[in-house]
Amino acid sequence: MDIHLIPGAVATPVERDAIDGAIAPSTQHPAPSTKHQAPGNRHLLLPALHAVQRRVGWISEGALNHICERLSIAPADAYGVASFYAMFSLSPRPPLVVHVCDDIACRANGAEALCRELEQRLGKPGEPADRGAGAPGLDVGGRATWVRSPCLGQCDRAPAAFFQVAGEGAEDATLTNATVNAIVAGAADSTTTVGATAVYADEPRLLRRVCLANPESVVDYRDYRAHGGYDALERALVIGADAVIREVTEARLVGRGGALFPTGRKWDAVARHSSRPHYLVCNADESEPGTFKDRVLMEADPFAVIEAMTIAGCATGCEQGFLYIRGEYPLATARLRGAIEAARARGLLGDDILGAGVRFDVELRRGAGAYICGEETALFNSIEGRRGEPRNKPPFPVDVGLFGQPTVVNNVETLVNVLPIVLDGGAAYARIGTGQSTGTRLFCLSGSVTRPGVYEVPQGVTLAGLIAQAGGVRDGRALQAVLLGGAAGVFVTPQELDMPLTVEGARAAGATLGSGVVMLFDDRVDLGDITRRIAAFFRDESCGQCVPCRIGTIRQEELLHRRQLPLIEEVAQVMRDASICGLGQTASSAVLSAIKKLRIFDVETAR
């Protein structure tokens, strides 16, 4: 392929070293040649961009040229990918960028006041902090800046900040319960702290090791094994692939990311598909505002995620798995890497798993700040080294998925459910919960709640019962509303708290469980401001590929600010009917519920 590089742009030795280090280990296993993936190693584009961003702090034209030479990609194509992701910069910036969350959970817990004070002390977002410009202790001399950020998945410990650090050996970090002084101190010494997420369960199944785990031992294989780790994989290899799929089907497990597709049916379709190879993708790009359950599983029980992926891979004939994790989860990323390496060293990943003659391995891929990549086909494009834009369906992933091959894609919570199903049997699993909503479910409680955290409950518990387990509304205040399902969900009124937390219960109430978000808002929260932030979120996160979503999300926000409310419903209908993917189709759900159910805006406002 003839590559026309950017004239005169040459990579520095540091940039070349970073890029070559990211590409070299994987070139021995090039991706297959399909209509979705040219021969070679284009799928290494995202890791290469991450490598130079991490080492230098931005991606220069010279670095882009070197990446294009190594991967045989046109610079315009590579530029289109690099410019798609929020974590990459194509212009010089300081080596420390503090991303301060101003999304809905943090907004309800003081994020706006925090941002105002940061602007007074450190300057406007995106401007490097000058020496002496801040409070005592800040001495970064133009080497740091701060920016506003969408949800960082730390909603239970809001407000939060993410420290993106560049330099050799640099490590990103997270700051929770953030204050200006803590951010300034973190900017000065590049160290941050993160507290443990609280987890609650009467009879934990998914969280049973999380409740027991010593944070220092979660990447210790021996500790995981001592608490029943890899018992499920051993049983899966004994009973065989067909039996595993039968158990998952009998359990009536459905996807826990919001789509609710039967897991057993998906696995069976891929397992029976004649086209090879098959791929398994774990969707760990948990970016829905208010959601943090998958982060907790990955941080506190990483081996469980790898074991569940291995069972799924063996059952469906997938020899290669990809774990795609959001870029703002540095601790989870580090622990998963450790678990993968430890499993591979013990023969639990690789060419002959536990001597059973079965091959399966996992490659970790890190996202770069794009909510849309939580959509499964956008995620495939991202792994393949393309812009994270959704594909039209059909064809569906079970037929044409990653690299154009049959693909199983499940999120973290869905996969971890497979472990008790294999150990106890699908029938036993199905006896928990209700007929249509089996097993336990993880819910993320945040906002104005007394005890925020991850709660594991049998499906069928009412919303009121779950809120009571969390201690009710903080400080005994009055409850204004609950956001159920995240930014793509709906608001629920205090009069609707008897809703059973099941698929059928939520559907009957015109709601959705989505990704398990339960965010409370007391009478001190400005729900108009929260609703406008939701509209701004979808405007920013639309990939722009289809007109209904690209233009509709902009018009929705404009109409909301102008209070031209009747027109919002018309725009919402167009987005629902004509958008390519779920982002556009659900971008108005919470906004319309705020207008119609909460009536926080004047519905008589003139057009």
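**Aromatic pairs and charges over rings**

Tutor: A search of the whole structure, a predicted model, finds 14 aromatic pairs. Rings of Phe, Tyr and Trp (its six-membered ring) pair if their centres lie within 6.5 Å; planes under 30 degrees apart are stacked, over 60 edge-to-face, the rest tilted. Phe322 and Phe403 pair edge-to-face, at 6.1 Å centre to centre and 70° between the planes. This pair links distant parts of the chain, 81 residues apart. Phe322 sits in strand S7 (residues 318-325). Phe403 sits in the loop between helix H16 (376-383) and strand S9 (407-411). Helices (H or I, at least four residues) and strands (E, at least two) are DSSP runs, numbered from the N terminus. Both Phe322 and Phe403 are buried (under 20% relative accessible area, 1.4 Å probe, protein chains only).

Next, Phe491 and Phe521. Their pair is tilted: 6.1 Å centre to centre, 55° between the planes. It also links distant parts of the chain, with Phe491 in strand S13 (residues 490-492) and Phe521 in strand S14 (residues 517-522), 30 residues apart. Phe491 is buried, at 0% relative accessible area. Phe521 is buried too, at 0%.

Ring pairs also join Tyr221, Tyr224, Tyr230 and Phe303 into a cluster.

Now charges. Arg265 lies over the face of Phe261, 5.3 Å from the ring centre. Arg326 has its charged end over the ring of Tyr329, 5.2 Å from the centre. The criterion: NZ of Lys or CZ of Arg within 6 Å of the ring centre and within 35 degrees of the ring normal.

Residues are numbered from 1 along each chain as its sequence is written, and side-chain values use heavy atoms, without hydrogens or water. Local features need pLDDT of at least 70, side-chain atom pairs count only at pLDDT 80 or more, and totals for chains, interfaces and linings use all residues.

Terms used. Buried means under 20% relative accessible area, exposed over 50%, partly exposed in between (1.4 Å probe, protein chains only).
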